[in-house]
Amino acid sequence: MSKSYKSVLLEHDHVEDIHTLDVYMKHGGYAAFKKVVSEKSKKGVIEEIKASGLRGRGGAGFPTGLKWSFVPPSETPRGFLINNADEGEPGTFKDRYLMNRHPHGFIEGKLIAGYALNIPKSYIYVRGEFLKEIQSVERAIDEAYKAGLLGENILDSGFTHHMVVHRGAGAYICGEETGLLSSLEGKKGMPKLKPPFPAIEGLHRQPTVVNNTETFAAVPWIMNNGAAAYRAAGTEKSAGTKLFSVSGRIKKPGVYELPLGIPLMEMINDVCGGMAEGYTLKGIIPGGISAPVLIPDECER
């Protein structure tokens, strides 16, 4: 690569066995959660995420802190936190990478969100055919329980949080949050009418927050380094970095963490090594199946 890019989610991607709890903690893992529990108010966590400009990484791009703020404050633990890991878009595999390589990162992010919203239980809704990813996440959850990072009265803080992996049935529509909630309730995975919005009345008619795997994974870094540091990358409207699933006839396909707003051709030529030998660029699909195909001239703008 001709340039260096700031890493948030993949900061320790080069570390062997970073998927295990011991190695993750040796590189600062769960420090953000411990800091939040001992030093931060619940409202303070939400305000920090608001200030960071973090937006949902599942497609809609809704401001994360704003979504969290919609949950009515309560002294009594209630509601559900849902990790949408139903990654069904063709050519998309960045959440799968996080589940395999960095499961403790987004688990820690979920714990911080659960603490901030006083939510005692969360589900990780995973696409059912992702067997390797499910096994990786379940191992990480088991490690967290054994270390006292999940369960009752975590770190003697009075905060309780339980986490369960739920295997979806592979329906594309369950990538939409209300369709996902219908599936979790044992119903056909069909979207629900809004309002009420999930933050007010979601799973089992309880306050519910649904965020993407990548969204949760960014939370620990923000709490460790501050909102301003996160905003140093990206654009004014879309702060921070983003994971890109890059595939096709290029020299170096894979998952890359890059600042939002990076020109497409810079990503292809400088980061991914350019087109494979004998191939010329004919088009790029920049998002899911609903995104338009960009022709080469459009990719230069």
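**Backbone and packing**

Biologist: Where does Asn-153 sit?

Modeller: Asn-153 is in strand E3. Keep in mind that this is a predicted model.

Biologist: What is its phi?

Modeller: Phi of Asn-153 is near 45°, a positive value in a residue that is not glycine. Most residues other than glycine have a negative phi.

Biologist: Is Asn-153 buried, partly exposed or exposed?

Modeller: Asn-153 has a relative accessible area of 37%, so it counts as partly exposed.

Biologist: What does E3 pair with, and in which sense?

Modeller: Strand E3, residues 151–154, pairs with E4 in the antiparallel sense over 2 bridges. The bridge partner of Gly-151 in E4 is His-161. The hairpin of E3 and E4 has 4 residues between the strands, and Leu-155 in that hairpin takes a positive phi near 55°.

Biologist: Which residue takes a positive phi just after H7?

Modeller: That is Gly-148, with phi of about 75°.

Biologist: And what about phi at His-204, and where is it?

Modeller: Phi of His-204 is near 50°, again positive in a residue other than glycine. His-204 lies in the loop between H8 and E5. With a relative accessible area of 44%, His-204 is partly exposed.

Biologist: Prolines next. What is the peptide bond from Lys-194 to Pro-195, cis or trans?

Modeller: The bond from Lys-194 to Pro-195 is cis, with omega near -10°. The next bond, joining Pro-195 and Pro-196, is also cis, and its omega is about 5°. Most peptide bonds are trans.

Biologist: Where is Pro-195?

Modeller: Pro-195 is in the loop between helix H8 (177–184) and strand E5 (208–212). Pro-196 is in the loop between H8 and E5 too.

Biologist: Which residues of H7 are buried?

Modeller: They are Glu-133, Ile-134, Ser-136, Val-137, Ala-140, Ile-141 and Ala-144. These residues cover an arc of only 165° around the axis, so they are on the same side of H7. Residues three or four places apart in an α-helix point the same way, because there are 3.6 residues a turn.

Biologist: What is exposed on the other side of H7?

Modeller: Lys-132 and Lys-146 are exposed there.

Biologist: And what covers the buried residues of H7?

Modeller: The cover includes helix H1 (21–26), helix H5 (94–101), H6, strand E2 (121–126) and strand E4 (159–167).

Biologist: What does Ile-124 touch?

Modeller: Leaving out residues up to four places away in sequence, the contacts of Ile-124 include Phe-106, Lys-110, Val-137, Ile-141 and Met-163. Of these, Val-137 and Ile-141 are among the buried residues of H7.

Biologist: Over to E7. How many of its residues are buried?

Modeller: 6 of the 6 residues of strand E7, 254–259, are buried, so the strand is largely enclosed by the rest of the structure. Gly-254, Tyr-256 and Leu-258 point one way, while Val-255, Glu-257 and Pro-259 point the other way.

Biologist: Which strand pairs with E7?

Modeller: Strand E6, residues 241–246, pairs with E7 in the antiparallel sense over 6 bridges.

Biologist: Is Glu-266 buried or exposed?

Modeller: Glu-266, which is in helix H11 (264–271), is buried, with a relative accessible area of 17%. Glu-266 and Glu-300 are 34 residues apart in sequence and 9.0 Å apart C-alpha to C-alpha.

Biologist: Last topic, cysteines. How many disulfides are there?

Modeller: A search of the whole structure finds 0.

Technical notes: Residues numbered from 1 in each chain as written. Predicted model: local features only at pLDDT ≥ 70, side-chain atom pairs only at ≥ 80, totals over all residues. Heavy atoms only, no water. Disulfide = S-S within 2.5 Å. Buried < 20%, exposed > 50% of the residue type's maximum accessible area, 1.4 Å probe, protein only. Pairing = 2+ DSSP bridges. Contact = heavy atoms within 4.5 Å. Arc of directions from axis to C-beta.
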